[in-house]
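User: I would like to go through this model with you, one topic at a time. Please keep the answers plain.

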Amino acid sequence: MSVLTFTRGVTISGERCFLSAGFSADGNAVVATTRAGRQAWNPRTGEPLDAALVPNDEHASAPVSAQWRAGAKDSGASAPGFHVQDQAGAVGFIAEPFPDYAGATVAPDGKTVAIGYQHGRLRIETLPVSSPTFLVGHDRSKNNHQYQNVINYLAFDCDSQLLVSMADDDDHPLLWDLRQTPQSTTWNGKPAHALHDPIDLNSVTDGGVDTFRFSPVAPMFVCTHRRLQTLQIWTYARAAR
């Protein structure tokens, strides 16, 4: 089980519906989109900021991305999979045998890739590719229907050691500590790993998390709760053993 501690920081509430929230690229502002427009706050004090003076970069593209290519039908790709690339060009390739992938994201370290699927499967690959790690937690929907839970959100923290995943139909945003020791298993007859026991963010926060973003520079995250009409900012740390 992960040994993380969480500390609630700023909570912003009021008669507004937070549609989304994120951090500016320098981490010095939390910016939320509401029905009243774009608003910003200091993430450590909650002091309102002039959103017009905060760069509109809280949803900027990652410096390294994973682009799907279908294989032989695409020039330059001999097999279906994800081509991981930065602004300078190719970084690596991850073969993708499953046709029902939902999306992929690359960690800030530029080599750890999370891939989500339409049936709740989660897979971690680290370049250069060796044995995959499967994250077991979204395999059932809230109605206990197996393999009917599309992964719709993946995000790494700034240290590439934590991953948050969200799915369409289970209402449980999960936080995975990738520093944990996974169990050995096999996949397609080859060595693989499996990671269990994620942290349910509904048990950490007030529950009903609608949107989530890590800070790009610090051990912090922001989440919004439509039902409570609140925005919460949290810090986290690895607990001393």
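User: How exposed is Gln229?
Analyst: Gln229 is partly exposed, with a relative accessible area of 33%. In these terms, buried means under 20% relative accessible area, exposed means over 50%, and partly exposed lies in between, with a 1.4 Å probe and protein chains only. The model is predicted, so local features need pLDDT of at least 70 and side-chain atom pairs count only at pLDDT 80 or more, whereas totals for chains, interfaces and linings use all residues. Residues are numbered from 1 along each chain as its sequence is written, and side-chain values use heavy atoms, with hydrogens and water left out.

User: Where is Gln229 found, and what is its phi?
Analyst: Gln229 is found in the loop between strand S20 (220-225) and strand S21 (230-238). Its phi is near 55°, a positive value in a residue other than glycine. Helices (H or I, at least four residues) and strands (E, at least two) are DSSP runs, numbered from the N terminus.

User: What about Asp197, where is its place?
Analyst: Asp197 sits in the loop between strand S17 (190-195) and strand S18 (199-200). The phi of Asp197 is near 60°, again a positive value in a residue other than glycine. Asp197 is partly exposed, at a relative accessible area of 45%.

User: Which residues does the cis peptide bond join?
Analyst: The bond joins Leu127 and Pro128, with omega about -5°. Pro128 is found in the loop between strand S11 (122-126) and strand S12 (133-135).

User: Back to S20 and S21. In what order do the strands of their sheet come?
Analyst: The order is S1-S21-S20-S19, an open sheet of 4 strands with antiparallel pairing. Strand S1 (4-13) and strand S19 (211-214) stand at the edges with a single partner strand each, so one side of each has no neighbour in the sheet. Neighbouring strands of this sheet are turned by 20° against each other on average, direction ignored. For such angles, axes are lines fitted to C-alpha atoms, for helices over the stretch in contact, and angles run from 0 to 180 degrees between N-to-C directions.

User: How many bridges join S20 to S21?
Analyst: There are 6 bridges between S20 and S21, which run antiparallel. Two strands count as paired if DSSP finds at least two bridges between them. Cys223, for instance, has Gln232 in S21 as its bridge partner.

User: Next topic: the largest nonpolar core. Which residues touch the most other members?
Analyst: They are Val164, Leu175, Phe212, Phe214 and Phe221, out of 17 residues in this core. Elements that give two or more residues to the core are strand S13 (151-156), strand S14 (162-167), helix H1 (201-204), S19, S20 and S21. S14 provides the largest share, 3 residues. A nonpolar core here is a set of buried Ala, Val, Leu, Ile, Met, Phe, Trp, Tyr and Cys residues joined through side-chain atoms within 4.5 Å.

User: What is Leu175 in contact with?
Analyst: Leaving aside neighbours within four places in sequence, Leu175 is in contact with Leu4, Phe6, Leu162, Leu163, Val164, Pro198, Ile199, Leu201 and Phe214. Contact means heavy atoms within 4.5 Å. Apart from this core lies another, of 14 residues, among them Ala66, Phe98, Leu127 and Trp187.

User: And how many salt bridges does a search of the whole structure find?
Analyst: The search finds 5 salt bridges. A salt bridge is a side-chain nitrogen of Lys or Arg within 4 Å of a carboxyl oxygen of Asp or Glu. One of them pairs Asp206 with Arg8, the closest N and O atoms being 3.0 Å apart. This pair links distant parts of the chain, with Asp206 in the loop between H1 and S19 and Arg8 in strand S1, 198 residues apart.

User: Buried or exposed: how does Asp177 count?
Analyst: Asp177 is buried, with a relative accessible area of 1%, whereas Arg238 is partly exposed, at 39%. The side chains of Asp177 and Arg238 meet in a salt bridge (2.8 Å, N to O). Asp177 lies in strand S15 (residues 174-177) and Arg238 in strand S21, so the pair ties together parts 61 residues apart in sequence.

User: What does Arg226 meet in a salt bridge?
Analyst: The side chain of Arg226 meets that of Asp210 (3.3 Å, N to O). Arg226 lies in the loop between S20 and S21 and Asp210 in the loop between H1 and S19, so the pair ties together parts 16 residues apart in sequence. Salt bridges that share partners also join Asp177, Arg179 and Arg238 into one network.
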